[in-house]
Amino acid sequence: MLLQRLTLCSRIPLDSQRHLCRFTGPLTQVLHGRAHGSSLAHRGELRQAKRIVVKLGSAVVTRGDECGLALGRLASIVEQVAMLQNQGREMMIVTSGAVAFGKQRLRHEILLSQSVRQALHSGHNQLKDMSLPQLEARACAAAGQSGLMALYEAMFTQYSTCTAQVLVTNLDFHDDQKRRNLNSTLRELLRMNIVPIINTNDAVVPPPEPNSDLQGVNVISIKDNDSLAARLAVEMKADLLIALSDVEGLYNSPPGTDDAKLIDIFYPGDQQSITYGTKSRVGIGGMEAKVKAALWALQGGTSVVIANGTHPKVTGHVITDIVEGKKVGTFFSEIKPAGPSVEEQTEMARNSGRTLASLHPAQRSEIICHLADLLTERKEEILAANKMDMDLAASAGQLPPAMLKRLSLSPAKLDSLAIGLRQIAVAAQDSVGRVLRRTRVAHNLDLEQVTVPIGVLLVIFEARPDCLPQVSALAIASGNALLLKGGKEAANTNRVLHQLTQEALSMHGVREAIQMVSTREEVEDLCRLDKMIDLIIPRGSSQLVRDIQRAAKGIPVLGHSEGICHVYVDVEASVDKVIKIVRDSKCDYPAACNAMETLLIHRDILGTPLFDQIIDMLRTERVKIHAGPRFASYLTFSPSEAKSLRTEYGDLECCMEVVDSMQEAVDHIHKYGSSHTDVIITENEDTAEQFLQQLDSACVFWNVSSRFADGYRFGLGAEVGISTARIHARGPVGLEGLLTAKWVLRGDGHTAADFSEHGTMKYLHENLPVGQSLAGQRESN
C-alpha cells in the first residue's frame, strides 16, 4: 500500500513536486521556530503549530443512519488538511469509519446474495421479506478498511497530496521495538510530504476493556480513537491535536440542559466541575473519554482543541479556523490567565449594568461629573501614559501621521473632553425611563412606552484613547453595560482611563459595568458572542468597520463602512461661501469620515472666476484632484482621472465632477455616495430645499461645511459614531441612539376576555399627556 502511494507521488509532475516541497517565507520560519516541549498557552499561538493530528470521530465520518460515510463532510475536511499540508505543515489523520463503510458494503452483499438465492428457489422475481443478520464489527472493519482508504486517496489526489495507510493496535505502542518502528515510519512519511491516515486495526483488536483507562504519561490504553489520537500526538511530538466530534466542544454540563455553557478554555484543574452526559450516537468513546485523552496529550506537551466537525455551517473551515487561532470549540491549556475571560467580563458587565440602569438619573449624572473631574485632576498621570504610547509608536514607525494625531492627548484635549462629559451628565437627567407615549387603553388600564438601555454594548476603537471616556459617559448616561476593545497602540493610555472610569463608577457600586477587554481575544471572536452582546459600535477606519460588519454573527453593528461625502456647488452659490466651505470640508481634517471626498460643480461654473478660485485654493492647500469622466472631457490637460467615483481618499485628495443641475447632483450622490453627509452651496432657497428633501443621507446641509456632522457640534456632548443605517439611529449617534423602548401596562385584574363580545369592558385608547412616568409620579408623591 505504501509502495502504491510512493509510486503515485513519483507520477506527480516535477513542478507540482517543487510546489509541494517549497516552504519558504514567514509562515515556514514561524513553523520551524518552535521546539516541542510544552503545549501552546494561547489560541493565538496555534498559528505556530507545524505538526498537527486531526482526529475524525465516528459521528463526523459516518452518516446519520450509521451505514456509509458522510462524503460531503469528508471532502471539506480533506480540502482543509491538504491546504494546511501545502502551507508547510505536517498533517496526520486519525480516522474512524471503517466499520460503517464495511457495514454498508456487507449489507449490500448480503441483500444481493439473498435476493439471488430467493429468485433461484422461487423461480420468479417475487421476493420474500429479507432480514439482515447481526453484523460483527470486526468483519465490518475488515470489509471497510480498503474502501475507506481508497476514498481518502481519491480525495487527496485532487489536491496533489499523497496519503499512506497505517493500521495500529495497542501492542504497537507497548512494545518498544514496534513503537520505534511506527515512529520511524510516520516520520519518514512526513518527511516525504505524505499525509499518514491512521486507524486502529479493528479487524483484529479485542473488545475494549471497560475498566482500562489512561494511566500516566507513559502508559495509555488504546481503547478508542480518542486515546489513539492522544497517544499518537505525544509519540510524534505533535504541536496540536484537533479532535472533531458532533458537539461544539466541552460544556460545563450535558449539552441541551438549561444551564449548559460551552467552555472556551479548559484547564486541568477544572475537571471536577464538569458533569458529563451520554456518549455520542456512534463510536465507543464519549466526552469523558475525549477529555481524559485531551488532558493526557496536554500533559505530554501537545495542545488540544475539541470542536464540532458535523455542523454544515462550520465544517468547511473548522480546521483552518482552529489553526488560525479563532475561538472555535474548547481549547485545552495548562496556563490559566490571572483575569476573567471575556465571557465572564461580559456577564459581570451585564449584571452591573442592570444595577446602573436602576440608579436614579441624578446618580448616573454624578458618576459622569466625577469622571470629568478625574480627567482634569489626574491629567499628569494620563499624559504620562499617553507619552509612553506615543514614544512606542514613534520608535516603531508604523503609524501614519493621521493616526499619530488621533493617538496624541494634550491638556487642551482633556479639558475639552471634560466639558463634553458634563454636557452628557446634564442630558442623563432625562434619558432612561422617559415616557415616549401614554395611552389609556380602558378604565384603570394604562399603557406607557418608556425608554430603556439597549443592554451590553461592545465598542471597538483604534488608536484614539479620547474615545474611551466619551463612550463610557454615554453608556453610563443611557444605563448600558459596556465592553471596550481598544487598539494596542494606546494600551497604556486606555489602561489609565479605564481605571479612572471604574473609580467613578465605584461611587455608586457599579464598578464592573464597564469592562476593558485586555486578553488576546481577536475582534472576530468578540463579534461571535451574539448571546451576550446586544450592539457593536466600531470606531475607526472604514476597513475596521467593514471587517466588523462581516464578522458580526447575529449582532447589530452601528456605524458606517465609508464616508464618501459630497459638496455640490450650485450655479447660484456665493463665492466667499464656496471657498470657505470647500476648504474646511476637505482640508480641516482630511482623515475624518465627514471630510469631503467628491466636489460636484455645476456645468455653468466652468471657466468662470469662481472655478479658477476653487482650483487655486485646492492647489494652495496641496489637494490632489482626480477628475471625474465628464470633468475630464472638458479639459485639454486634465488631472489624473478618478479610478472610481466611489472612493474615500482620507487624505488631501478629492474627486471633482461636473453636473448639469441640482437634480443631477442628487442622482449622482444617490448612485455613488455612502449616505453619510452631503452639502449644497447655493443662495437659492427653493433649490436648497429640494436638495435637502430629496437627498437620502444621514446628514444633509445647506451652506455648511460637511465637518459639522459631529456629535459634539450637534450639542450631543459626544458621539459613539456616525451611523448610515436605515433603522434605529442615523447620523451622529449620541445618548438617544443608545436607548430603546419597552411597553409597560398597568391594570387592575384585566383579562382579554373582559373585552370580548360578551365582556363587560370597552376599549378607550385615549392618548394621555406625555411627561413623567406614572411610576415617577408615585415616587414624587
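## A tour from core to sheet

Start with I367, I368, I382, V459, L482 and L484: of the 49 residues in the largest nonpolar core, these touch the most other members. Such a core is a set of buried Ala, Val, Leu, Ile, Met, Phe, Trp, Tyr and Cys residues joined through side-chain atoms within 4.5 Å. Buried means under 20% relative accessible area with a 1.4 Å probe, protein chains only. Next, select helix α18, residues 467-478, which gives the most to this core, with eight residues. Helices (H or I, at least four residues) and strands (E, at least two) are DSSP runs, numbered from the N terminus.

This is a predicted model: local features need pLDDT of at least 70, side-chain atom pairs count only at pLDDT 80 or more, and totals for chains, interfaces and linings use all residues. Residues are numbered from 1 along each chain as its sequence is written, and side-chain values use heavy atoms, with hydrogens and water left out.

Zoom in on I368. Leaving aside residues up to four places away in sequence, I368 touches L421, I424, A425, A428, A473, I476 and A477; contact means heavy atoms within 4.5 Å. Another core, of 39 residues, lies apart from the largest one and includes M92, M236, L241 and A297.

Select strand β11, residues 456-461. Six of its six residues are buried. V456, L458 and I460 cover one side, and L457, V459 and F461 the other. F461 has G486 as its bridge partner in β12.

Now show the open sheet of eight strands. The order is β3-β4-β2-β1-β5-β7-β8-β6, with mixed pairing; two strands pair if DSSP finds at least two bridges between them. β3 (162-168) and β6 (265-266) are the edge strands. Inside the sheet, β1 (51-56) and β5 (240-245) pair in the parallel sense over five bridges. Find I52; its bridge partner in β5 is L240.

Helix α11 (287-299) lies across β1, β5, β6, β7 and β8, at about 155° to β7. Axes are lines fitted to C-alpha atoms, for helices over the stretch in contact, and angles run from 0 to 180 degrees between N-to-C directions.

Last stop: α9 (176-191) and α10 (225-235). Their axes are 11 Å apart, at an angle of about 75°. The two helices are therefore roughly perpendicular, a term for 65 to 115 degrees. R179, N183, L186 and R187 in α9 meet R231, L232 and E235 in α10.

How values were computed
Buried means under 20% relative accessible area, exposed over 50%, partly exposed in between (1.4 Å probe, protein chains only). Angles under 35 degrees count as roughly parallel, over 145 as roughly antiparallel, 65 to 115 as roughly perpendicular and the rest as oblique.
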